[in-house]
Amino acid sequence: MHTTQGLDQQHAQWLEDTRKIPCELAAQTGLVSSGSSLAFEFRVNGALQFKKFRSADKRFWIEPKGAVLSLWNEDALCDMTMADAPRIIPEGEFDALSFLVAGATHVGSVPNGAAGKAGEGDIVPTEDHQYQYLWDGPRLKSGLASAKKIILATDGDAPGQILRDELAIRLGRHKCWYVTYPEGCKDANEVLVKLGPDAVMDLI
C-alpha cells in the first residue's frame, strides 16, 4: 500500500483492511484525514461545499454547520457524457465507494442517511429540507432529471426502505430500480467486504 496525500497511514490502512477500499481511490474522491476523524469532501462543479466528518466512534457531523446539502460525488453522478449509464445512489459514502471499487462510474451518495419516517403531504421542492440535495430551486437537478435509469441502493433495513421509497417519489418511480442484498448483508460495503467486488456488480 502506498501512502496517499490527504490520508494518514492509519486511515489508509483501515480503509483497505476493514472496508476493502483502495486508499488511492478514496483519496481521488476527496476522502481526507482530519485529526483522528475521516472527512468526505462534497463538491459541486469542482468547488468544495462542505465536509462530512466521521469520528473513530462512528459519529457524523457536517462543517460548516448549516451548509446547503448536496450529493457526495455529485459531479460524477450527474455527468451527462454517458447519458445511458445508470445512476447509482446508495445511502452512504462507503457504499458509494464500494460501487466505484467494483467498476461502476456514475455513483453518488445521499449526504444525510435515512430520515427514519415517511413524509406526508405534497412535496414542495423549496421546503423539502430533508431532500434538498436533489433540487435546484423548484426543479430536480438537471443530471438527475435527465437520467434514464437510477438504481437506489439504500440500506436493507426499514429506514433504508423508507429512504428508497422517498427518493423514488422525487426522482420518478418509472425510472428507479432497487437492489436486493445477499443474505447476511445490509448494504453494498458489506457485500464488498464479505463477497468481493464481483458480488457488488451483481447487485445491479
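## The loop at Lys58

Lys58 lies in the loop between S3 and S4; strands such as these (E, at least two residues) and helices (H or I, at least four) are DSSP runs, numbered from the N terminus. Lys58 is not a glycine, yet its phi is positive, about 70 degrees. With a relative accessible area of 61%, Lys58 is exposed. Here buried means under 20% relative accessible area, exposed means over 50%, and partly exposed is in between (1.4 Å probe, protein chains only).

This is a predicted model, in which local features need pLDDT of at least 70 and side-chain atom pairs count only at pLDDT 80 or more, while totals for chains, interfaces and linings use all residues. Residues are numbered from 1 along each chain as its sequence is written, and side-chain values use heavy atoms, with hydrogens and water left out.

## The loop between S4 and H3

Most residues other than glycine have a negative phi, and most peptide bonds are trans. Asn73, in the loop between S4 and H3, has a positive phi near 60 degrees. Asn73 is buried, at a relative accessible area of 18%.

Pro64 is placed in the loop between strand S4 (60–63) and helix H3 (74–77). The peptide bond that leads from Glu63 to Pro64 is cis, and its omega is near 0 degrees.

Strand S1 (residues 31–34) and S2 run antiparallel and are joined by 4 bridges; two strands pair if DSSP finds at least two bridges between them. Ser33 has Leu38 in S2 as its bridge partner. The hairpin of S1 and S2 has 2 residues between the strands, and Gly35 there takes a positive phi near 65 degrees.

S2 is also joined to strand S3 (residues 47–54), by 7 bridges, and these two run antiparallel. Leu38 stands opposite Arg54 in S3. In the hairpin of S2 and S3, with 2 residues between the strands, Asn45 has a positive phi near 55 degrees. S2 is mostly covered, with 6 of its 8 residues buried.

## Aromatic pairs

A pair of aromatic rings is described by the distance of the centres and the angle of the planes. Rings of Phe, Tyr and Trp (its six-membered ring) pair if their centres lie within 6.5 Å; planes under 30 degrees apart count as stacked, over 60 as edge-to-face and the rest as tilted. The count by this rule is 6 aromatic pairs. In one of them, the ring centres of Phe40 and Phe94 are 5.3 Å apart and the planes are at 75 degrees, so this pair is edge-to-face. Phe40 belongs to strand S2 (residues 37–44) and Phe94 to helix H4 (residues 93–102), so the pair ties together parts that are 54 residues apart in sequence. Phe40 is buried at 0% relative accessible area, and Phe94 is buried at 7%.

The rings of Phe42 and Phe50 have centres 4.4 Å apart and planes at 20 degrees, so they are stacked. Phe42 is buried, with a relative accessible area of 0%, and Phe50 is buried, with 1%. Ring pairs also link Trp14, Phe40, Trp72 and Phe94 into a cluster.

## Charges over rings

A charge sits over a ring if NZ of Lys or CZ of Arg is within 6 Å of the ring centre and within 35 degrees of the ring normal. Arg19 lies over the face of Phe94, 4.2 Å from the ring centre. Arg170 lies over the face of Tyr131, at 4.0 Å from the ring centre.
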